[in-house]
Amino acid sequence: PWGLGQLRLWHQKNTIRAVILSSLRTTPARAAEKRSDHSDEKSGLAAFESIAPLLLSAVQRHISLQPEPCDPCQILTLTSIRQAFELHRPDLTTRELDVVSRAVLGMSYEGIATDLGLKLPTVKTYRNRAFDRMQISFRSELVRYYLSIASTPHSVSMR
């Protein structure tokens, strides 16, 4: 018999649009028989029209519950991370800032060494000095520390 093949919904500029794509799911003999009588198709569309307001309401509710997209201004960049550390940790040297900023971004220490044109032991020395000044021991603590200073007002704070 005839039936609704698909219902596709999408969201575009806060407007919900529904498109019904019908497909014929029948044998060629039944299709010839149905050509003159579209009662099944009409009843399918009538059924859809009766539930359309509920369906659209549910989709609108679903869309309204979606989190807002990330503000592009808050995307992590090397510069934004470095500026946060410079503001809150003026005791860190330029190279220590270079290393911790890249570490917060998730770069490996080998990658940091390559990026800065340094040897791996030198990068680890800068990391250790910065960690000592911040009284932390692990990269995860560094990321947590960054998140705490990035979420505070712009005042100089020493830990």
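This is a predicted model: local features need pLDDT of at least 70, side-chain atom pairs count only at pLDDT 80 or more; totals for chains, interfaces and linings use all residues.

Me: How is the pair formed by the rings of F85 and Y145 classed?
Reply: Ring centres must lie within 6.5 Å to pair, and planes under 30 degrees apart count as stacked. The centres of the F85 and Y145 rings are 6.2 Å apart and their planes are at 15°. The pair is therefore stacked.

Me: How many residues apart are F85 and Y145 in the chain?
Reply: F85 belongs to helix α3, residues 78-88, and Y145 to helix α7, residues 139-150. Both F85 and Y145 are buried. The pair links distant parts of the chain, and its two members are separated by 60 residues.

Me: How is the pair formed by the rings of F85 and Y146 classed?
Reply: Planes under 30 degrees apart would be stacked and planes over 60 edge-to-face, with the rest tilted. For F85 and Y146 the centres are 5.9 Å apart and the planes at 35°. That angle falls between the two limits, so the pair is tilted.

Me: Which residues form one aromatic cluster?
Reply: The count of aromatic pairs is two. F85 pairs with Y145, and F85 also pairs with Y146. F85 in α3 and Y146 in α7 are 61 residues apart in sequence, so this pair too ties together separated parts. The cluster consists of F85, Y145 and Y146.

Me: At what distance from the ring centre of Y109 does the charged end of R139 sit?
Reply: A charge over a ring requires CZ of Arg within 6 Å of the ring centre. R127 lies over the face of Y109 at 4.8 Å from the ring centre. The charged end of R139 is also placed over the Y109 ring, and its distance from the centre is 4.4 Å.

Me: Which helices do the buried residues of α4 pack against?
Reply: Helix α4 covers residues 94-104, and nine of its eleven residues are buried. Among them are E96, D98 and R102, along with L97 and V100. The buried residues of this helix pack against α3, α5, α6 and α7.

Me: Which backbone oxygen does the side chain of S101 reach?
Reply: S101 is in helix α4 and, at 1% relative accessibility, counts as buried. Leaving out residues up to four places away in sequence, S101 touches L78, I81 and R82. Its side chain reaches a backbone oxygen at 2.7 Å, that of L97.

Me: What is the phi of Q135 near?
Reply: Most residues other than glycine have a negative phi. Q135 is found in the loop between α6 and α7, and is exposed, with a relative accessible area of 57%. Q135 is not a glycine, yet its phi is positive, near 55°.

Me: Which residue with a positive phi follows α4?
Reply: The phi here is near 100°. The residue is G106.

Terms used:
Residues are numbered from 1 along each chain as its sequence is written. Side-chain values use heavy atoms; hydrogens and water are left out. Rings of Phe, Tyr and Trp (its six-membered ring) pair if their centres lie within 6.5 Å; planes under 30 degrees apart count as stacked, over 60 as edge-to-face and the rest as tilted. Helices (H or I, at least four residues) and strands (E, at least two) are DSSP runs, numbered from the N terminus. Buried means under 20% relative accessible area, exposed over 50%, partly exposed in between (1.4 Å probe, protein chains only). A charge sits over a ring if NZ of Lys or CZ of Arg is within 6 Å of the ring centre and within 35 degrees of the ring normal. Contact means heavy atoms within 4.5 Å. A polar contact is a pair of N or O atoms within 3.5 Å; within protein, one must be able to donate a hydrogen and the other to accept it, and residues adjacent in sequence count only if both atoms are side-chain atoms.
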